[in-house]
Amino acid sequence: MSNNQLKISLNNELIAEETILSDHQETNIEPLSNYQNASGLGGPSSVNNELREDAKKKESLFPEIDETFQPWFEFKENLAQDTGLTFGIDYNFLYQNLSQSAGLDEASGGMFRIFGNWNLLGRNTESPGSVVFKVENRHIFAKIAPQNLGFETGYVGLTGTQFGDFGWGVTNLETVCKEKIKKLGGTDLWL
């Protein structure tokens, strides 16, 4: 079976793209959790795409450590099946250093995120309704946030754009209600 792609563009510029897999299509990737069925349009950093990517089993240099976390993935799988809640937690850190600067020459910051998709209505139906969320804490370790370090050199732009310093915040909150409206050439179109 082939994959179908849905692309949305404006003035010939791609805004969103999603590969739609058939419900019965097999993949070569063994998931850690069953999040691959989360749907929705968005870029690589959209909540649903991050959930799908996090669920993929990846080759590891330390398989023994990965085996230690298997109960965690089983817990997340059971929670998704019982309540419709799929979620992920991650932490990212960025350190930057300039070799020449009129001002500060280093910046560092971190970002702690909790994100998920809670399928509240119509689970296991063709028209589910869900809440998609992402809560973050963005913080700095040095005197300046990585996103602002470029200004110290005279650069008028942001570097490390996601690494600011705003503390806790909700950066994504949306309700998604999908209704199958028409079948087009083997691809279900959703609103």
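**Entry 1: helix α3**

I began with the buried residues of α3, which are Phe73, Lys76, Glu77 and Ala80 (buried: under 20% relative accessible area; exposed: over 50%; partly exposed: in between; 1.4 Å probe, protein chains only). Looking down the axis of α3, I found these buried residues within an arc of 100 degrees, so they line one face of the helix (the arc is taken over directions from the helix axis to the C-beta atoms).

A note on ground rules: this is a predicted model, where local features need pLDDT of at least 70, side-chain atom pairs count only at pLDDT 80 or more, and totals for chains, interfaces and linings use all residues. Residues are numbered from 1 along each chain as its sequence is written, and side-chain values use heavy atoms, with hydrogens and water left out.

Back to the helix: α3 covers residues 70-83, 14 residues in total, and spans 20 Å from first C-alpha to last, close to the expected 20 Å at 1.5 Å a residue (expected span: 1.5 Å times one less than the number of residues). Helices here are DSSP runs of H or I with at least four residues, strands are runs of E with at least two, and both are numbered from the N terminus. The buried residues of α3 pack against β3 (85-97), with contact meaning heavy atoms within 4.5 Å. On the face turned away from the buried side I noted the exposed residues Pro71 and Asp82. After α3 comes Gly84, with a positive phi near 85 degrees.

**Entry 2: rings**

I searched the whole structure for aromatic pairs and got 4 (rings of Phe, Tyr and Trp, its six-membered ring, with centres within 6.5 Å; planes under 30 degrees apart are stacked, over 60 edge-to-face, the rest tilted). Phe112 and Trp168 have ring centres 6.0 Å apart and planes at 80 degrees, so I logged the pair as edge-to-face. Trp72, Phe75 and Phe87 are linked by ring pairs into a cluster. Lys76 turns up again here: its charged end sits over the ring of Phe87, 5.2 Å from the centre (NZ of Lys or CZ of Arg within 6 Å of the ring centre and within 35 degrees of the ring normal).

**Entry 3: salt bridges**

Which residue forms a salt bridge with Asp90? I found Arg113, with the closest N and O atoms 2.6 Å apart (salt bridge: a side-chain nitrogen of Lys or Arg within 4 Å of a carboxyl oxygen of Asp or Glu). Arg113 is buried, at 6% relative accessible area. Glu50, Asp90 and Arg113 form a salt-bridge network.
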